[in-house]
Each structure stands twice: as C-alpha cells, then as structure tokens.
Amino acid sequence: MLNISGKTKILTVIGDPIEHTLSPLLYNSFFSKMDIDAVYLQHRVNKAELKAFLDHMKLFDIFGCGITMPLKHEVLRYIGDTSTSAKGMGVNALKREANLFCAKSTDVNGLIYTVEKNDIASEGKEIVILGAGGVVKPILQALITLGAGRIKILNRNIGNAMEVARFAQGAFGRHIETAGMDVKDIVAAAETCDILINATPLGMQGFPGDFWDFSFINALPKHAVVLDTIYMPIKTNLIKHAEKAGLNTINGLDFLIGSSAVSTDFFFEKKADDPVLRHVRKVVVEELQRRCRQ
C-alpha cells in the first residue's frame with residue numbers, strides 16, 4: 001500500500017501507446033523497497049501534446065518522468081539541459097530542478113547490467129544488432145564501452161542503419177558495418193556472430209509482426225548468445241527458436257531492470273542494492289506471468 005502525503009514526489013511515464021506499460025509497477029516497487037517517498041504514474045502523451053505536458057509539469061508538481069516511444073528524441077526539442085549520455089541518443093529519464101530540466105539516457109546502463117549479470121563475454125566479440133531504432137544508439141555505446149569487436153547493424157531500411165553508423169563514427173570514433181535485414185542478410189551475418197541482439201519490436205506482445213523466417217538461427221555458431229530487448233512476452237518466438245537450437249538466450253527483463261535502477265538513482269541519488277533488484281525482478285516476473293495467462 002502506497003503511503004501518499006503532501007510531500008510525496010510525483011513521477012510518471014509518458015508515451016503513446018502507454019496502456020500496457022510496466023513502469024508504475026516497476027518504479028513503485030523500487031520506491032517502496034528503498035523507502036523513497038514517491039509515486040509513479042502513467043500518462044498517454046503523443047508528440048503533439050508533449051510541449052504542453054512539459055510546460056505544465058511545474059504547475060501540476062510533477063517531479064520527473066520516464067520517456068518512452070515515440071518521444072525519446074522528440075523531447076530533446078524542448079529541454080535545455082541533457083547529460084552527455086543523452087545527447088544524440090534520445091532521453092528516457094527526465095527530472096525537473098527549479099525551472100530547468102535534467103535528462104539522461106539510461107538504456108546504456110541497461111545493456112551493461114544485462115551483459116555483466118549474465119556473465120556474457122563481450123570483449124572483442126562480434127556483435128550483430130537487428131534494428132536501427134531509438135534503443136540502438138545507447139546499445140552501441142554500451143558495447144563500445146564493454147570493448148566489443150566487430151559490430152554490424154541490420155535493418156530493413158538500410159538508410160536508418162547508416163544514420164546510426166554515422167552517429168557512432170562521430171560520437172565514438174568507431175566504424176559500424178551496416179546491411180539490410182532480409183533473411184539472406186541475417187544468415188550471412190549470423191555465421192560469424194558471437195552475440196545477436198534483437199532491437200526491433202518484432203515479436204513484442206501487442207505488436208502486429210514477428211520475424212517471417214527463423215532459419216537464421218541455425219546459421220549461428222553453437223556458442224552464440226541471443227539477446228532480445230523485448231520482455232513481454234517473457235519468451236518471444238526468437239528466444240524459443242534459439243532455445244530449441246541449444247543456444248544461450250537472454251530476454252529483455254534484465255535490460256529493463258538495469259535501466260530502471262539507474263533511472264531511480266538519477267531521480268533520487270539512491271542506488272538499488274542486489275536484494276532490491278531481486279525483489280523488483282520477482283514482482284515484475286509475477287506480473288508478466290499473470291498477463292500471459294490472460
């Protein structure tokens with residue numbers, strides 16, 4: 001039971017659609033376990049409504065918010081201050097300090113937490129990323145920070161992949177290879193891949209689409225790791241096919257929890273310890289299992 005008073009900090013997640021978000025459950029679990037006097041809500045806000053929402057955050061005493069699709073880059077048009085980690089990559093955490101906004105991208109931390117928690121050897125490894133959406137730039141920063149070797153981005157729209165590659169060259173001085181995302185492209189990239197990362201929404205619950213052919217799974221080396229950034233459902237068809245092939249698999253839950261832990265620290269300057277992280281994970285898994293049964 002939340003104990004809300006006049007001193008309770010109000011935070012919310014904004015995006016569109018927003019109905020199926022886990023953010024309120026996730027953050028309120030962090031807040032409760034860490035004795036943070038705050039409550040986390042959700043608001044549907046589209047691109048046309050974003051400026052008005054930001055203008056009214058002070059009026060309605062909203063301290064901070066999480067930013068999700070399709071607003072992660074759009075919000076940069078309206079705020080004056082971002083951390084270095086957010087510049088050029090979009091924002092997923094925003095807080096109000098006096099009349100200023102401070103913002104951060106914590107997706108970088110989400111991938112680093114996932115890799116370290118699951119003991120994935122990433123240094124010098126060959127990485128293939130499927131997709132070129134908003135989460136890919138922070139994934140690239142995380143991989144470069146971890147010392148990854150050759151990195152290749154595959155995307156249906158190769159122009160978008162090339163744009164992300166140009167960003168990486170400018171921001172990190174790192175050459176990133178690009179290709180299309182037809183089955184033959186994925187198969188060719190998979191043959192020498194150590195870690196395959198799905199950064200597309202394909203297979204996500206509620207998204208009207210999935211991979212049209214999973215034969216590329218059989219092209220992966222037997223030591224390869226398949227990492228899906230999707231956490232709902234807990235096991236996507238990609239994960240199921242990879243498991244059937246005997247590969248090591250990781251879903252998007254650790255990515256979500258690692259990113260959210262850093263966002264909580266960004267909001268309140270309090271770090272979540274391992275017991276807190278285990279508690280939050282248990283709460284989220286139980287909710288995901290409940291939703292899957294519906």
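I began with Val 128, which stands opposite Lys 152 in S7. The model is predicted, so-called local features need pLDDT of at least 70, side-chain atom pairs count only at pLDDT 80 or more, and totals for chains, interfaces and linings use all residues. Residues are numbered from 1 along each chain as its sequence is written, and side-chain values use heavy atoms, with hydrogens and water left out.

I then looked up the two strands: S6 (residues 127-130) pairs with S7 in the parallel sense over four bridges. Two strands pair if DSSP finds at least two bridges between them. Strands (E, at least two residues) and helices (H or I, at least four) are DSSP runs, numbered from the N terminus.

Next I followed the chain: S6, helix H4 (residues 136-145) and S7 form a β-α-β unit that is right-handed. I noted that right-handed means a clockwise path from the first strand over the helix to the second, with the strands pointing away from the viewer. From S7 the chain goes on through helix H5 (residues 158-172) to S8, again a right-handed β-α-β crossover.

S7 and S8 (residues 177-179) run parallel, joined by three bridges. Here I found Thr 178 in S8 as the bridge partner of Ile 153.

Which way do the side chains of S7 (residues 151-154) point? Ile 151 and Ile 153 point one way, Lys 152 and Leu 154 the other, and all are buried (under 20% relative accessible area, with exposed over 50% and partly exposed in between; 1.4 Å probe, protein chains only). In a regular strand, side chains alternate between the two faces of the sheet.
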